[in-house]
Structures are given as structure tokens and as C-alpha cells.
Amino acid sequence: MIAIVKKLNLYKTTTYKFKGEKMSLPVVDYLKLPEGGDPYLEGHKCTDCSSIFLGERNVCSNCFSRENMEAIKLNNKGKLYSYSIVFRSFPGIDVPYISAIVDLEGGGTVKGNLIDCDPDPEKIKFDMPVEVVFDDALGRKDSEGNSYISYFFKPIS
Ligand SMILES: [Zn+2]
């Protein structure tokens, strides 16, 4: 089995906004890059039933309450709920990689790639603790040369 070793330059909060310089943009709307703060994933919590969802929504999927959703910062730690090892993907995407679903501490379920872990079922355990880390999205840039910041899951040893 091929070992995947990624060198992570874990995102330093002081580097993503320089006036006049190329910026790093979040790859999805629910990845927040607050100026002077650490990156985080945003969820919405229903103030009626306390259900928590990734991203933004106006109606609670649990109790169907409307207009009672408030934005919250999701936890950066969680447990691996499920995964798939992907052997075939779009052209230019390195395989194999691990596509994972993680339940975050305190609520919220997030899909993303599990890194720093061999794509070997013997080494991936359900419920193993993981953390959310933020890094450059595989070197991709938009037409203006701005890079993207994405999130990944990493096993906590
Ligand atoms: Zn609700």
C-alpha cells in the first residue's frame, strides 16, 4: 500500500491578508477566515431544538422551525464516522485518497478528506479521533492568481 505523506504548512493566521497581495480565499462559504483570528468551519444551530448543521440554512431539518437558526463556530475536533478510499477520481487528482465523514465534538457533521493516514482499512478505525486542519487547496489558483484555503481531517495521535 502506498503511504501518503503530505507536508502541511498549517495555516498561519497572519499570512492570509496582505493589502495589494494575492489572497487566499476559502474554498467553501462555510470555511471562515476571520481577520486576525484562526480559520474555522461555520455551522448553524437551531435555537428551538439545538440541532446543529454545517453551513447556512434558514429552516431546521429536525424540527422545521423557521428563522431561528444562528451562526456558530464548529469545533475543530471530532471522530471519524465513516470513510471511503477513492482509487479513481477526476483527471489531475492524486489517488488513492480517503474521503471521510466526521462528527464534530459539540455537533455538526462534515465531509472532507482524511490526510496523514495510509489509505489502508487496517489503519483507519471508525470513531478514531481527528482534528480539522486548514491548508492550501492543492496549489490551485483562480484566474487572478489567488490561492484557495481548504480544510482537511488529520488523525490525532
Ligand atoms: Zn430545530
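Begin by selecting Tyr83, whose bridge partner in strand E7 is Ala100. The model in the viewer is a predicted one. Now extend the selection to the two strands concerned: E6 and E7, the latter covering residues 97–104, pair in the antiparallel sense over eight bridges.

Next, select Gly106, in the loop that joins E7 to strand E8 (109–114). Is Gly106 buried or exposed? Its relative accessible area is 72%, so Gly106 counts as exposed.

**The zinc site**

Which residues coordinate the zinc ion? The donors are the SG atoms of Cys46, Cys49, Cys60 and Cys63, at 2.3 Å. Along the chain these donors follow the spacing C-x2-C-x10-C-x2-C. Within this set, Cys49 and Cys63 link distant parts of the chain, 14 residues apart. Cys49 is in the loop between strand E3 (40–46) and strand E4 (52–54), whereas Cys63 is in the loop between E4 and strand E5 (69–73).

Why is the arrangement around the zinc ion tetrahedral? The four donor atoms subtend angles of 104 to 113°, and the assignment requires all angles to lie between 85 and 135 degrees. With a surface display, compare two of the cysteines: Cys49 is partly exposed at 27% relative accessibility, and Cys63 is partly exposed at 33%.

**The salt bridges**

How many salt bridges does the model contain? The count comes to three. In general, side chains of opposite charge can pair when their charged atoms come close.

For one of these salt bridges, select Glu42 and Lys32, whose closest N and O atoms are 3.9 Å apart. Glu42 lies in strand E3 and Lys32 in strand E2 (residues 31–32), so the pair ties together parts that are 10 residues apart in sequence. Glu42 counts as buried, at 14% relative accessibility, whereas Lys32 is partly exposed, at 27%.

Then select Lys154 and Asp116, another salt-bridged pair, with 3.7 Å between the closest N and O atoms. This pair links parts of the chain that are 38 residues apart: Lys154 belongs to strand E10 (residues 147–155), and Asp116 to the loop between E8 and E9. Asp116 is partly exposed, with a relative accessibility of 29%.

Finally, select Asp118 and Lys123, which form a salt bridge with their closest N and O atoms 3.0 Å apart. Lys123 has a relative accessible area of 46% and is partly exposed.

**Confidence**

To close the tour, colour the chain by pLDDT. The protein chain averages 86, and 86% of the residues score at least 70. Then select residues 1–19, where pLDDT stays under 50. For this segment the model has 40 contacts beyond four places in sequence.

Key: Residues are numbered from 1 along each chain as its sequence is written. This is a predicted model: local features need pLDDT of at least 70, side-chain atom pairs count only at pLDDT 80 or more; totals for chains, interfaces and linings use all residues. Side-chain values use heavy atoms; hydrogens and water are left out. Two strands pair if DSSP finds at least two bridges between them. Helices (H or I, at least four residues) and strands (E, at least two) are DSSP runs, numbered from the N terminus. Buried means under 20% relative accessible area, exposed over 50%, partly exposed in between (1.4 Å probe, protein chains only). pLDDT is the predictor's confidence in each residue, from 0 to 100. Contact means heavy atoms within 4.5 Å. Donors are N, O and S atoms within 2.8 Å of the metal (3.2 Å for Na, K and Ca); water is not among the atoms, so sites may look incomplete. Four donors count as tetrahedral if all angles lie between 85 and 135 degrees; four count as square planar and six as octahedral if opposite donors are over 155 degrees apart and all others between 65 and 115; anything else is irregular. A salt bridge is a side-chain nitrogen of Lys or Arg within 4 Å of a carboxyl oxygen of Asp or Glu.
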